[in-house]
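Here is a short briefing on one fold. It covers strand pairing, helix packing and the nonpolar core.

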Amino acid sequence: MSSFSHLNAEGNPAMVDVGAKAVTRRTALAQSVVALGPEIMQHLVASGLTGTDIATKKGPVFQTAIIAGTMAAKRTDDLIPLCHSLGLDNCQITITTEGTDAIVNCLVSTEGKTGVEMEALVGASVAALTIYDMCKAFSHDIVIRETKLMEKTGGKRDFRRE
């Protein structure tokens, strides 16, 4: 039977002791979906701004979101109280569009004793929030629909969402 890993014997929050774990290659891919809606997409298309060229008065939307997501993934331990500090070997954020949605994918990897799922989830989430921030002048009818782990490798078991 599984238990919450971040609670000690007294039921108090505690960082997981990974001291005895072996160092292995760890990867994680997370995804956030941002429903921009037709108003924003129509504005962007009408302005001739597509793909990685989408820009607002605040600057290039997707490029800024990629930088923000990367910065956040590197600082996950500052944001999530019981996460370990990890030196990331790689963080790649890609953003594509499907209809009126922006699809953010964050792929993170490291050699370590603990996984990088939280880093990937935080990176994708902050990139999605940045898209919201940069597009809200056009409409507040933006929905960050979902953020989810798509796959992970390393550790006790691998995971892949179909």
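Lys152 stands opposite Phe159 in E7. Strands E6 and E7 pair in the antiparallel sense over two bridges; two strands count as paired if DSSP finds at least two bridges between them. This is a predicted model, where local features need pLDDT of at least 70, side-chain atom pairs count only at pLDDT 80 or more, and totals for chains, interfaces and linings use all residues. Residues are numbered from 1 along each chain as its sequence is written, and side-chain values use heavy atoms, with hydrogens and water left out.

**Sheet**
- E6 and E7 form a hairpin with five residues between them. Gly154 in the turn has a positive phi of about 95°.
- The open sheet has five strands in the order E4-E5-E1-E6-E7, with antiparallel pairing. Strands (E, at least two residues) and helices (H or I, at least four) are DSSP runs, numbered from the N terminus.
- E4 (90-98) and E7 (159-160) are the edge strands; each has a single partner strand, so one side of each is left without a neighbour in the sheet.
- Nine bridges join E1 to E6, which run antiparallel. Ser32 has Thr147 in E6 as its bridge partner.
- Nine bridges also join E4 to E5 (residues 101-112), again antiparallel. Ile95 stands opposite Val104 in E5.

**Helices on the sheet**
- H2 (residues 61-74) packs on the sheet and touches E4 and E5. Contact means heavy atoms within 4.5 Å.
- The direction of H2 makes about 145° with that of E4. Axes are lines fitted to C-alpha atoms, for helices over the stretch in contact, and angles run from 0 to 180 degrees between N-to-C directions.
- H4 (residues 117-135) packs on the sheet too, touching E1 (24-35), E4, E5 and E6 (143-153). Its direction makes about 25° with that of E1.

**Helix pair**
- The axes of H2 and H4 come within 7 Å and cross at roughly 145°.
- Residues of H2 in this contact include Phe62, Ala65 and Ala68. Among those of H4 are Val122, Val126 and Ile131.

**Core**
- The largest nonpolar core has 28 residues. Such a core is a set of buried (under 20% relative accessible area, 1.4 Å probe, protein chains only) Ala, Val, Leu, Ile, Met, Phe, Trp, Tyr and Cys residues joined through side-chain atoms within 4.5 Å.
- H4 supplies the largest share of this core, eight residues.
- Leu36, Ile95 and Ile131 have the most contacts inside the core.
- Ile95 touches residues including Phe62, Val104 and Ile131, not counting residues up to four places away in sequence.

Terms used: Buried means under 20% relative accessible area, exposed over 50%, partly exposed in between (1.4 Å probe, protein chains only).
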